[in-house]
Amino acid sequence: GISNCFAWQLAKANALAEQEGFAKFVSVQGHYNLIFREEEREMAPLCAADNIAMTPYSALAGGRLSKRPGETSKRLEEDSYAKLKYDTAAQQDGEIIRRVESLSDKRGVTMTEISLAWLLAKVTAPVVGATKLHHIEGAARAVDLDLTAEELAYLEESYVPHALVGVMAQNTAATAKDSHVWSTGSQEIK
């Protein structure tokens, strides 16, 4: 698998692999969830066309998609990297979070289950960072929760495009020579 790349980078890497007789990438792990859906622009269509599995991280947006508005947790208060990724768009994301809350109340399930059921309708398998038993139980229940087309549309319709954040915001030609926490060795493809 490969992680945190643009669709054109994945396509180029797989073309090179095919040309050189190497194994092609069969999965991609990117930043994708109900409040950060930028992978839908190019990566999701490429993956569908080339049968590449999407296994996104940050499935619950650092806990934001599992907490009711006003609720907090140690992670929401202390995770500075998640704050960097999500706090700038918190106001526009609030409507989606309220819709997750509303639908979870209507269906009698948790917000985690609604958020993961939505994601499971879109991808092969999300990466879920579980630190407590109820996190695992919620993720397991989401597998059996089928959302209707109307419910999916209700959750999606108020999404507003976001600026790239985190690793992808640094994945540019202008910053290619800079040192990043996620890069080691030569990144040049010859």
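1. Just after helix 1, Gly 21 adopts a positive phi of about 80°; helices here are DSSP runs of H or I with at least four residues, strands are runs of E with at least two, and both are numbered from the N terminus. This is a predicted model, in which local features need pLDDT of at least 70, side-chain atom pairs count only at pLDDT 80 or more, and totals for chains, interfaces and linings use all residues. Residues are numbered from 1 along each chain as its sequence is written, and side-chain values use heavy atoms, with hydrogens and water left out.

2. The 14 residues of helix 1 (residues 7-20) should span 20 Å at 1.5 Å a residue, which agrees with the 20 Å between its end C-alpha atoms; the expected span is 1.5 Å times one less than the number of residues.

3. The buried residues of helix 1 are Ala 7, Leu 10, Ala 13, Asn 14 and Ala 17, where buried means under 20% relative accessible area, exposed over 50% and partly exposed in between (1.4 Å probe, protein chains only). They cover an arc of only 130° around the axis, and therefore lie on the same side of helix 1; the arc is taken from the directions from the helix axis to the C-beta atoms. On the other side, Trp 8, Lys 12 and Gln 19 of helix 1 are exposed.

4. An open sheet is formed by 3 strands in the order 1-2-3, with parallel pairing; two strands pair if DSSP finds at least two bridges between them. Strand 1 (2-3) and strand 3 (53-54) stand at the edges, each with a single partner strand, so one side of each has no neighbour in the sheet.
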